[in-house]
Amino acid sequence: MRAWVTMCVQHNAANAGIVRMCAASIASFLVASNTSEPLAVLADAGGARALRQLNTSRAVRIVQLQAVADDARRIEWPAWATPDRVKRRSVTIPRHVLALCKMQVWRLTEYEEVVYFDTDVLFLRNPQPLMTHSPAFAAIALTHIDALVACRGLRYLNAGVMKLRPSLAAYDTLRATLLHSNYTDCGGEPLTDQDVVRQLAFNSSVLGTFHPWPLCFNYRGWPNQRHCLKDEGPILYHNSMHGWPKVIRAANGSRVPTAELLAWATQGVAGIG
């Protein structure tokens, strides 16, 4: 069986906005897709409480995240993780906590293959090509000069949307790689799941053979993705910090205003916090 998976982590009461964004992302998936494959959400207590209030016609499976506090305390911080590199985020969920939570998608071994998407993804049209285009492991990757400079000479991979094959061996390797900081500095914020996934995707077989997706499968607003805005347009918009598009295309072909979708999705969780 294959499945779609996302994550909804509140962490503490200050992050109600994150939970509402998660609800909106899930709503866009449910409206844009007509898949029979299940949607599962990795959630902590706050995220699960909010999601149970969503009024949807399709079932959403909530998977309780394992506690990561002990692992978070055990992380061996790399020497290059200087205070100026550990940025203060607008939300109070540390990067390494999110990474430890997100890696748990590889524990969902009841599924043969999974397409995972981050909380800040808005689906603009039917996402089924993400599931059918390539076998796992798949994601978008950059090899052009800008990516090589930004990633200290390494290939860049975006782990915000990816197709993967759950495996306890892969999970154990990902977790150990993060805990012992056994990955290469890409120049960004340290202790992210993306750095760990990139390290293993390009330097190990534990995640499987890497299959690069077309860049338009995960639209980030990069200059070399301008062509994605033509014809059908991108499958999804993965850049909520800069605003979401005004309209998405529902599975039945109708156009749904994003504002209407967000209002519907968040009205049930507005009081969470």
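**Sheet, helices and ring pairs in a predicted model**

Biologist: Which residue stands opposite Tyr116 in E7?

Modeller: The model is predicted: local features need pLDDT of at least 70, side-chain atom pairs count only at pLDDT 80 or more, and totals for chains, interfaces and linings use all residues. Residues are numbered from 1 along each chain as its sequence is written, and side-chain values use heavy atoms, with hydrogens and water left out. Strand E7 (residues 156–164) is paired with E4 in the antiparallel sense over 4 bridges; two strands pair if DSSP finds at least two bridges between them. Within E7, the residue opposite Tyr116 is Met162.

Biologist: Which residue of E4 is the bridge partner of Ala3?

Modeller: Strands pair through backbone hydrogen bonds, either parallel or antiparallel. E1 and E4 take the parallel sense, over 4 bridges. In E4, the partner of Ala3 is Val114.

Biologist: What is the strand order of the open sheet?

Modeller: The protein chain has 9 helices and 11 strands, which are DSSP runs numbered from the N terminus (helices are H or I with at least four residues, strands E with at least two). The open sheet takes in 7 strands, with mixed pairing. Their order is E3-E2-E1-E4-E7-E6-E8.

Biologist: Which strands are the edge strands?

Modeller: An edge strand of this sheet pairs on one side only. The edge strands are E3 (60–64) and E8 (211–212).

Biologist: What angle does the direction of helix H1 make with that of E1?

Modeller: H1 (residues 16–32) packs on the sheet and touches E1 (2–8), E2 (39–43), E3 and E4. Axes are lines fitted to C-alpha atoms, for helices over the stretch in contact, and angles run from 0 to 180 degrees between N-to-C directions. The direction of H1 makes with that of E1 an angle of about 160°.

Biologist: Is Glu113 buried or exposed?

Modeller: Glu113 is in strand E4 (residues 113–117). It touches Met1, Arg2, Ala3, Pro135, Ala136, Lys163, Leu164, Arg165 and Pro166, leaving out residues up to four places away in sequence; a contact means heavy atoms within 4.5 Å. Buried means under 20% relative accessible area, exposed over 50% and partly exposed in between, with a 1.4 Å probe and protein chains only. At a relative accessible area of 9%, Glu113 is therefore buried.

Biologist: Which residues of E4 are buried on the side that holds Val114?

Modeller: In a regular strand the side chains alternate between the two faces of the sheet. In E4, 5 of its 5 residues are buried, with Glu113, Val115 and Phe117 on one side.

Biologist: How many residues of helix H4 are buried?

Modeller: H4 covers residues 95–102 and is mostly covered. The buried residues are His96, Val97, Leu98, Ala99, Leu100, Cys101 and Lys102. The count for H4 is 7 of its 8 residues.

Biologist: What separates the C-alpha atoms of Met21 and Cys8?

Modeller: Met21 is in helix H1 and is buried, with a relative accessible area of 19%. Met21 and Cys8 are 13 residues apart along the chain. Their C-alpha atoms are separated by 8.9 Å.

Biologist: How far apart in space are Ala251 and Val31, C-alpha to C-alpha?

Modeller: Ala251 is in the loop between strand E10 (247–249) and strand E11 (255–257) and is partly exposed, at 34% relative accessible area. Besides residues up to four places away in sequence, Ala251 touches Val31, Ala32, Ser33 and Asn34. Ala251 and Val31 are 220 residues apart in sequence, and their distance in space is 6.3 Å.

Biologist: What is the angle between the planes of Tyr219 and Tyr237?

Modeller: The whole structure has 9 aromatic pairs: rings of Phe, Tyr and Trp (its six-membered ring) pair if their centres lie within 6.5 Å, and planes under 30 degrees apart count as stacked, over 60 as edge-to-face and the rest as tilted. Tyr219, in the loop between E8 and strand E9 (236–238), and Tyr237, in E9, are 18 residues apart, and both are buried. Their pair is tilted, 5.4 Å centre to centre, with a plane angle of 40°.
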